[in-house]
Amino acid sequence: MDSGDEQDVTEVRRKKKRYHRHTPRQIHELEAMFNVCPHPDEKQRMQLSRDLGLEPRQIKFWFQNRRTQMKVQHERADNCALRAENDNILCENIAMREALRNVICPTCGSSQASEEPNFVEQKLRIENSRLKEELNRVSNITSKYLGRPIAQLPPDHQLSASSLELTVGGYGNPGFTPCLDLHLLDVVPASSAVAFPFPTISETERPIMVDAASRGMEEVIKLAQTEEPFWKRVGSDGREALNLETYDENFPRQAQHLRPPDARVEASRYSGKVLMSSSTLVDMFMDSGKWMELFPTIVSNARTIEFLMSGMDGSRSGDLVLMYGEFLGLSPMVPSREFCFLRYCRQMEQGLWVISDISIQLPKDKDLPFCTKRRLPSGCLIQDMLDGCSNIVWVEHMEIEEKNPTHQVYNDLAESGVAFGAQRWVATLQRMCERIAYANSPRDIGGAEGKSLMKLSQRMVSNFCSTLGSSNAHHWNAPSELDDVGVRVTVHKCSDSGKPNGIFLGASTSIWLPLPHEAVFTFFRDERNRAQWDVLSNGKAVQEVTRITNGQHPGNCISLLRAALSGTSPNESNMLILQESCIDSWGSLVVYASVDLPSINIAMSGEDPSFIPLLPSGFVVTPDGRPFTGTSSSSCSGADGVSSGSVLTVAFQIMVSSLPSAKLNLESMATVNSLVGATVRQIKAALSSRGG
């Protein structure tokens with residue numbers, strides 16, 4: 001940075017207060033005082049302030065937060081107790097009705113229910129009235145705890161054991177925002193908080209789920225530890241595909257779960273070394289939020305629906321949770337896949353863990369004939385190594401039955417495993433564990449400034465990837481004549497702190513290139529080439545101001561770029577480009593967003609950057625997954641007999657209006673469509689001039 005920028009950074013550091021974290025001693029003393037007196041008076045707060053070296057306002061706010069936390073915990077415990085009591089009353093009610101229906105009078109041998117129908121009916125009415133009052137009480141506590149009216153909660157009914165299929169499933173997700181018709185110019189929110197219309201798991205269903213999860217885990221262990229004839233090599237990079245004939249012989253399926261004739265099987269296995277211990281990986285896998293952070297380019301949404309079983313002695317071994325996950329293909333031609341699944345964790349021996357997933361199907365999913373997604377037993381074995389790392393063996397197994405025709409680009413990416421295969425999971429895990437290792441070494445990334453900038457960049461990448469998912473929350477349109485894929489356009493209405501307020505468009509398209517994905521990534525990584533593809537730069541060059549390395553590969557880094565000043569706009573000197581690039585054996589990403597200088601100074605001062613608004617755009621480059629046939633003049637063969645071409649996905653997010661009530665017009669649609677088309681044409685021209 002120049003001297004003026006350094007002065008700005010120093011000034012911000014002096015003005016901004018750093019976040020204060022209480023010491024263990026301060027927390028211990030505050031907890032001890034809270035146990036004695038949850039509502040200290042002013043004199044007691046002043047005494048604590050002097051003893052602990054804290055301001056009175058800090059003491060006051062700590063006690064307020066602690067009281068709120070205790071209130072939430074008590075309400076949660078009351079809610080669980082009331083639900084259990086309500087279930088017991090329901091069971092007693094059912095048992096009483098059955099008993100009254102079957103009671104036989106010892107004198108005359110007739111049914112008591114038939115002799116005293118009015119008495120039985122009156123008793124049931126009283127019982128039902130009491131149950132309704134109990135339910136209303138539970139609902140009030142629940143709505144108070146969740147912070148929203150009870151009308152938004154799932155319907156209160158239970159599933160019978162026979163209504164739940166425990167070996168297959170896909171999540172239809174009717175809770176998403178309705179589809180947007182762009183021709184009506186109605187703007188609806190596209191942020192997609194998932195509503196889970198999943199009924200409460202009854203005590204009858206729990207043992208069925210435990211049994212299904214146990215059988216799924218045994219299958220994952222066998223598939224992970226067995227070599228031929230279960231698996232066969234499909235490439236020189238260690239990828240393996242499942243031998244379906246051997247699989248069907250060893251794991252016969254029940255008649256109702258026979259494989260449909262038009263179903264496509266995606267089953268793969270891959271192994272690799274990751275820079276993280278097995279216990280840390282297990283903790284992150286079993287926490288849905290940390291799981292999303294560990295796979296930001298694959299898992300766009302994840303929730304823990306219900307905790308079904310806990311391990312012994314506080315260990316993760318034996319934990320069973322019901323989770324929801326949405327997996328991204330990172331291309332508009334690869335629809336995202338949503339599943340509800342059981343995740344089971346077990347420690348086989350010291351330093352060896354297994355985590356297995358098996359999806360379940362809800363009755364509502366049967367109303368979706370266009371696509372049936374079944375995630376069969378999948379998971380991983382994690383083995384500790386002597387150097388503190390882990391060796392992981394990943395098994396991914398899905399059945400996809402699609403009735404609608406799909407584009408050839410999608411078929412190649414999906415069938416080859418590039419989109420959702422085991423290699424992608426392991427490669428992403430290796431890269432993220434390496435990134436975490438660099439972030440935990442402040443000397444390598446420039447201390448707290450670099451760590452804060454890495455956090456901001458990680459959020460940028462996650463936001464970018466989430467916009468590529470063509471789930472039910474988005475309406476995609478294809479107005480472009482660009483190739484035969486077209487441009488997919490989404491409309492977003494955002495009021496979150498992580499994005500600019502207002503209405504913005506997301507547009508993306510995918511094209512095939514006769515170049516390896518590494519060569520395409522190198523082209524985008526070189527800032528000297530930016531003027532050849534960035535239509536918004538007006539041909540201006542960019543200079544790298546700062547670089548933070550977050551991996552061994554030189555392409556894994558975070559950069560701050562500044563466009564060359566033209567003198568036409570006074571705001572040019574106030575804007576920088578935050579860019580992150582990463583590459584692994586699966587593919588590569590280049591994501592960037594414009595950020596003003598004050599925001600960058602705040603991030604580099606070590607403060608929390610979560611409120612800084614970002615609107616990222618970028619590129620995804622993956623191997624095309626096509627087998628080399630030798631008949632296409634535009635294809636080229638790699639060393640393992642497959643095409644060395646790649647699929648490039650171009651994605652933009654453009655602000656339309658800062659007013660959330662603004663209406664979208666077709667001119668905005670045409671502008672973003674033209675922008676994507678011009679970018680693709682410039683990329684093709686630049687790569688062709690280089691021999692592509």
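The charged end of which residue sits over the ring of Trp291, and how many Å from its centre?

Analyst: The charged end of Arg343 sits over the ring of Trp291, 4.2 Å from its centre. A charge is said to sit over a ring if NZ of Lys or CZ of Arg is within 6 Å of the ring centre and within 35 degrees of the ring normal. This is a predicted model, in which local features need pLDDT of at least 70 and side-chain atom pairs count only at pLDDT 80 or more, while totals for chains, interfaces and linings use all residues. Residues are numbered from 1 along each chain as its sequence is written, and side-chain values use heavy atoms, with hydrogens and water left out.

Trp291 also belongs to an aromatic cluster, formed together with Phe285, Phe295, Phe327, Phe339, Phe341, Trp394 and Trp425. Within this cluster, Phe285 and Trp394 form a tilted aromatic pair, with 5.9 Å centre to centre and 50° between the planes. Rings of Phe, Tyr and Trp (its six-membered ring) pair if their centres lie within 6.5 Å; planes under 30 degrees apart count as stacked, over 60 as edge-to-face and the rest as tilted. Phe285 lies in helix α9 (residues 278-286) and Trp394 in strand β10 (residues 390-402), so their pair ties together parts that are 109 residues apart in sequence. Helices (H or I, at least four residues) and strands (E, at least two) are DSSP runs, numbered from the N terminus.

Both partners are buried: Phe285 has 1% relative accessibility, and Trp394 has 4%. Buried means under 20% relative accessible area, exposed means over 50%, and partly exposed lies in between (1.4 Å probe, protein chains only).

The structure holds 21 aromatic pairs. One of them is formed by Phe230 and Phe251, which are tilted at 45° between the planes and 6.1 Å centre to centre. This pair links distant parts of the chain, 21 residues apart: Phe230 is in the loop between α7 (205-225) and β1 (231-233), and Phe251 is in the loop between α8 (244-250) and β3 (264-274). Phe230 is buried at 4% relative accessibility, and Phe251 is buried as well, with a relative accessible area of 15%.

A further charge is placed over a ring elsewhere: the charged end of Arg66 sits over the ring of Phe34, 5.1 Å from its centre.
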